[in-house]
Amino acid sequence: MDRLKTNICGVEFKNPIIAASGTFGYGLEFKRFTDIEKIGGISVKGISLHETYGNPMPRLVETYAGLLNAIGLQNVGVEKFIKEKLPALKPLDTRIIVNFWGKTIDEYVEVAKILDSTERVDMLEMNISCPNIKEGGISFSSSPKAVEQVVSACKKVISNKPLIVKLSPNVQDIKPFAKACEDSGADAVSAINTLVGMAIDVERMKPVLANVTGGLSGPAIKPVALRMVKEVFETVKIPVIGIGGIGNWKDAAEFILAGASAVQIGTANFINANVCKETAEGLNEYLERKNIANFKEIVGRAVSC
Amino acid sequence: MKATVVKNTMLSDKFGYLELKCPEIAKEKNAGRFFMISPHSDNVYLTDTLLKRPFAICDITSSDTFTCLYMITGRGTKVLSEALPGNNFLVTGPVGNFFRFEKGADTALIAGGIGLAPMINAAKKLKEMGNKVTLYYGGRSKTDILMYDFLQTICDELIITTDDGTLGIKGNVTVPLTDKIKEYKKIYACGPNRMLQAVNTLCSENNVPIDVSLDEQMGCGVGACLGCMITVIENGEKVMKRCCVEGPIFDGTKIDWDSLIR
Ligand SMILES: Cc1cc2nc3c(=O)[nH]c(=O)nc-3n(C[C@H](O)[C@H](O)[C@H](O)COP(=O)(O)OP(=O)(O)OC[C@H]3O[C@@H](n4cnc5c(N)ncnc54)[C@H](O)[C@@H]3O)c2cc1C
Ligand SMILES: Cc1cc2nc3c(=O)[nH]c(=O)nc-3n(C[C@H](O)[C@H](O)[C@H](O)COP(=O)(O)O)c2cc1C
Ligand code: FES
């Protein structure tokens, strides 16, 4: 499948399909149900400096064509991740992207430093959709300035691996945020994370989620994600990784045509464990049918009429 | 992975019984495990339901078929109730842990409402091991007691309770269980959380070990999303376990019941 081979920030990918963070566990949970080596890469569950227990239950609720989640970034912490989870991924022929986050800039820097010197980690993906407790809990993605601070601080300690910054869609205009990432040295951006939403239980007259609000993912967010990927693509020169509601090769092709150099698939893994593999296969057939030697030729082809 | 509908029978306006063909799931040897099914039939708009729903493996009917006993509670189960023979569904499974039965031990199975589903396979498993099969089965009313004749054939002792007394003993399962609890070495229960909590209390008071099969919201069913956490108390500390992987069966005495009753 040469038509799907690509290189993102110096890292070779057999195909541009990546399992999205938080939906593929630490990489092996789906092993019984799909051939993981058919997937271009895996972005593991967001890792932080310390083990984090997450939000109370209920954490999930299905909405029309979407899923609201408020997991609360539960993870085993960077030390346990490296000791207990990463070794099992070593023999796998697929790219490992480690998604990470912090509650303060120092925490981000600390995790980034550790991961940068960890063997087998191919790329880092920084999640900036979390609250900064030093700044009264306002999000790291509250302003382009705040993004610049956390990205450049991490960039200073990262020397071995490319850094992807994952953008939040919960902003008025995503373009200055993408620009801030590029200007502070990000090697790529991924977009989008989940959109903040809520659901109400009319019988109990209470919010369904214990956290009141949650992040919306799945097919419901695809048109919004696609528009944002296009905007980011038109704003920066670094590669854009498209995420949001992708469930088959056609969805993936739309993101590529909107400017994505690779795509991530999240919620769809829950519905069809083979979705990443099938998306790669479908994309390959599409390129063959269109007589396109490599998908890179059509990245961003459809941003205007 | 796909499962094909062999048969779909409505047992009442609320309950249905689905027979599915899927050798990978039908070959399961243990009782208590479950599977996930994506409930859209071929003629339903694809995005009607998004996630797979978890259901117990109810009975294994041949080397490549098994059954699912379901209660219509929302969109997904409504779609299941409309499934026709030949329809295909995406499934994942078998998943989760299973009942660990001990040969020769005096045990009782306790089912409340739709909690009957995993107990049919459990009863058959116990019988296969040569154990005596005792099933306590409670429902709201006579019409909620499913497959009565069939249950007679797979149980040595069947004790029915209904809240309104229209069938069997009036009250919930703890009414007959209270007198007999001391006779059992272990209890296995599945049903609404409040019922499970009551049975668990009874077991604790009488020092009888109990395993309960819990129902929690699920996203992936394979341990990847962390959406299905159950809080258990281990060495005095609260820890979270994934209902889909470390469960659905847990030691009842270790569960933080307050976090489950909401
Ligand atoms: C391990 C396990 C085994 C189960 N076995 C059975 C069984 O054998 N028979 C049976 O009838 N039911 C069983 N259930 C409950 C069953 O999964 C829910 O009734 C079903 O998901 C409801 O789906 P719906 O689309 O009809 O409801 P909706 O309310 O429309 O569902 C919306 C969302 O909520 C989730 N959801 C709603 N209610 C529940 C619930 N009670 N438990 C988990 N998720 C829920 C659905 O998965 C979906 O994501 C089991 C649950 C678990 C966890
Ligand atoms: C259950 C769940 C957990 C998630 N956890 C993370 C996370 O830890 N870090 C992160 O950057 N994104 C996380 N996400 C967001 C996804 O990676 C993805 O950006 C989003 O779901 C949109 O893609 P989708 O529509 O294909 O799911 C999570 C999403 C879901 C549904
Ligand atoms: S349902 Fe996803 S971890 Fe249990």
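# Two ligand sites and selected residues in a predicted model

Ala188(A) is buried, at a relative accessible area of 0%. The model discussed here is predicted.

Biologist: Which residues beyond four places in sequence is Ala188(A) in contact with?

Modeller: Ala188(A) is found in strand β12 (residues 188-191) of chain A. Its relative accessible area is 0%, so Ala188(A) is buried. With neighbours within four places in sequence left aside, the contacts of Ala188(A) are Cys9(A), Leu163(A), Ile164(A), Val165(A), Ile238(A) and Pro239(A).

Biologist: Is Cys9(A) buried, partly exposed or exposed?

Modeller: Cys9(A) is found in the loop between β1 (6-8) and β2 (11-13) of chain A. Its phi is positive, about 55 degrees, although Cys9(A) is not a glycine. Most residues other than glycine have a negative phi. Buried requires under 20% and exposed over 50%, so at 30% relative accessibility Cys9(A) counts as partly exposed.

Biologist: Which chains surround ligand 1?

Modeller: There are 22 residues around ligand 1, and those that come nearest are Pro54(B), Leu69(B), Gly76(B), Thr77(B) and Asp215(B). From the other chain, Glu62(A) has a polar side-chain atom 3.5 Å from an oxygen atom of ligand 1. The site is therefore shared between chains, with residues from A and B.

Biologist: What share of ligand 1 does the protein bury?

Modeller: Backbone atoms of chain B approach the ligand: a polar one of Met71(B) is 2.8 Å from an oxygen atom of ligand 1, and a polar one of Gly76(B) is 2.6 Å from an oxygen atom of ligand 1. Taken alone, ligand 1 exposes 830 Å², and the buried part of that is 84%.

Biologist: Which element gives the most residues to the shell around ligand 1?

Modeller: By class, this shell divides into 12 nonpolar, 5 polar and 5 charged residues. Elements that give two or more residues to it are β4 (53-56), β6 (65-71) and α2 (75-81) of chain B. With 4 residues, the one that gives the most is β4(B).

Biologist: How much of the accessible area of ligand 2 does the protein cover?

Modeller: Ligand 2 is surrounded by 24 residues, the closest being Ser21(A), Lys166(A), Gly218(A), Gly245(A) and Thr267(A). A polar side-chain atom of Lys45(A) lies 3.1 Å from a nitrogen atom of the ligand. Oxygen atoms of ligand 2 lie 2.8 Å from a backbone N or O atom of Gly218(A) and 2.9 Å from a polar backbone atom of Gly266(A). On its own ligand 2 has 610 Å² of accessible area, of which the protein covers 98%.

Biologist: How many charged residues does the shell around ligand 2 have?

Modeller: The elements that give two or more residues to this shell are β4 (41-47) and β6 (66-69) of chain A. By class, the shell has 7 nonpolar and 15 polar residues, and the number of charged residues is 2.

Biologist: Which elements of chain A do the buried residues of α2(A) pack against?

Modeller: Helix α2 (residues 105-116) of chain A has 12 residues and reaches 16 Å, close to the 16 Å expected. Its buried residues are Glu107(A), Tyr108(A), Val109(A), Val111(A), Ala112(A), Leu115(A) and Asp116(A). They pack against β4, α1 (78-89), β7 (95-100), β8 (123-127) and α3 (144-157) of chain A.

Biologist: What covers the buried residues of α8(A)?

Modeller: Helix α8 (residues 275-289) of chain A has 15 residues and reaches 21 Å from its first C-alpha to its last. Among its buried residues are Val275(A), Cys276(A), Thr279(A), Leu283(A) and Leu287(A). The cover includes β3 (17-19), α6 (249-257), β18 (262-265) and α7 (268-271) of chain A.

Biologist: Is the peptide bond from Met57(A) to Pro58(A) cis or trans?

Modeller: Most peptide bonds are trans. Pro58(A) lies in the loop between β4 and β5 (60-63) of chain A. Omega for the bond from Met57(A) to Pro58(A) is near -10 degrees, and the bond is cis.

Biologist: Is Leu226(B) buried or exposed?

Modeller: Leu226(B) lies in the loop between β13 (210-213) and β14 (229-234) of chain B. Its phi is near 60 degrees, a positive value in a residue other than glycine. The limit for buried is under 20%, so at 11% relative accessibility Leu226(B) counts as buried.

Definitions and conventions. Residues numbered from 1 in each chain as written. Chains lettered and ligands numbered in written order. Predicted model: local features only at pLDDT ≥ 70, side-chain atom pairs only at ≥ 80, totals over all residues. Heavy atoms only, no water. Near = heavy atom within 4 Å. Polar contact = N/O pair within 3.5 Å; in protein donor to acceptor, adjacent residues only side chain to side chain. Areas by Shrake-Rupley, 256 points an atom, 1.4 Å probe, with all protein chains shown as cover. Nonpolar A, V, L, I, M, F, W, Y, C, P; charged D, E, K, R; others polar. Expected span 1.5 Å × (residues − 1). Buried < 20%, exposed > 50% of the residue type's maximum accessible area, 1.4 Å probe, protein only. Contact = heavy atoms within 4.5 Å.
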